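Thanks for coming, everyone; today I would like to talk through the pockets. Please have a look at the model first, and then I will go on.

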Amino acid sequence: MQLASQPVSRRERNKQAKLDRITAAARELFAEHGIDEVTTQQIAEKADIGAGTLFLYAKSKGELLLLVQNSAYADALAKGKAAAAEISAPLEAVMAIIRPVVECNRTQVDNGRTYLREMVFGDPTEPHHHAALTLAAGTEAAIAAVLQRNGRTSAKPAATLARAVSAIMFLTMAAATNASRSTDELILDIREQVAAILPA
């Protein structure tokens with residue numbers, strides 16, 4: 001016997017509506033001004049909630065950025081995985097996963113670099129930080145899966161290579177010396193580094 005799904009309570013609908021307003025307000029303000037120029041008070045006002053309520057959903061401005069960027073990262077990763085599924089050459093398939101993630105991160109360069117810093121140094125017990133780490137792990141898993149196709153590489157070496165590829169991607173995006181470089185230049189740089197470590 002199949003159980004009917006329980007309807008979402010009014011309280012849960014209200015919580016989701018507030019979260020949606022907070023996310024939209026933070027996304028718009030961060031995109032327009034950059035994270036450093038935006039206050040949590042501005043986000044609360046734009047979302048039409050109190051500052052205290054805002055902190056029930058994200059405890060810091062960094063967590064708000066994670067909330068906003070995680071959604072874009074998830075979409076980019078899904079796009080990359082779909083593209084990689086159509087490509088047989090390992091390097092090209094790995095780069096198909098990487099490209100939309102880099103493009104997503106570089107939409108607003110300072111916000112992207114701050115997002116990476118928050119991911120590395122933030123509190124992993126915070127839910128938005130945990131979600132960011134889960135996305136990073138998902139990226140590694142997608143890369144490892146590509147490397148294991150047709151028995152090219154076994155699971156353990158593929159996972160190790162995927163961690164190295166992930167490190168290359170994140171460090172290249174986060175480096176201060178790369179802040180002024182174009183997205184295409186970064187992708188080419190990442191490609192050259194990845195090509196050097198993948199098995200022939």
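Let me start with the term itself: on a 1 Å grid over the protein atoms alone, a pocket is an open set of points where a 1.4 Å probe fits, with protein on both sides within 12 Å along at least five of seven lines, and its lining residues have an atom within 4 Å of a point. Grid points are joined across faces, edges and corners, and a volume is the space filled by probe spheres set on the points.

What you see is a predicted model, in which totals for linings use all residues, whereas local features need pLDDT of at least 70 and side-chain atom pairs count only at pLDDT 80 or more. Residues are numbered from 1 along each chain as its sequence is written, and side-chain values use heavy atoms, with hydrogens and water left out.

The second largest pocket holds about 170 Å³ of space, and its lining includes Arg27, Phe30, Leu65, Gln69 and Asn111. Helices here are DSSP runs of H or I, at least four residues, numbered from the N terminus; H4 (61–85) and H1 (10–33) each give two or more residues to this lining, and H4 has the largest share, with four.

Turning to the largest pocket, its space comes to about 290 Å³. Of the 14 residues that line this pocket, Leu116, Arg117, Val120, Phe170 and Ala174 lie nearest its centre. Helices H6 (109–121), H7 (127–148) and H8 (155–174) each supply two or more lining residues, and H6 gives the most, namely six.
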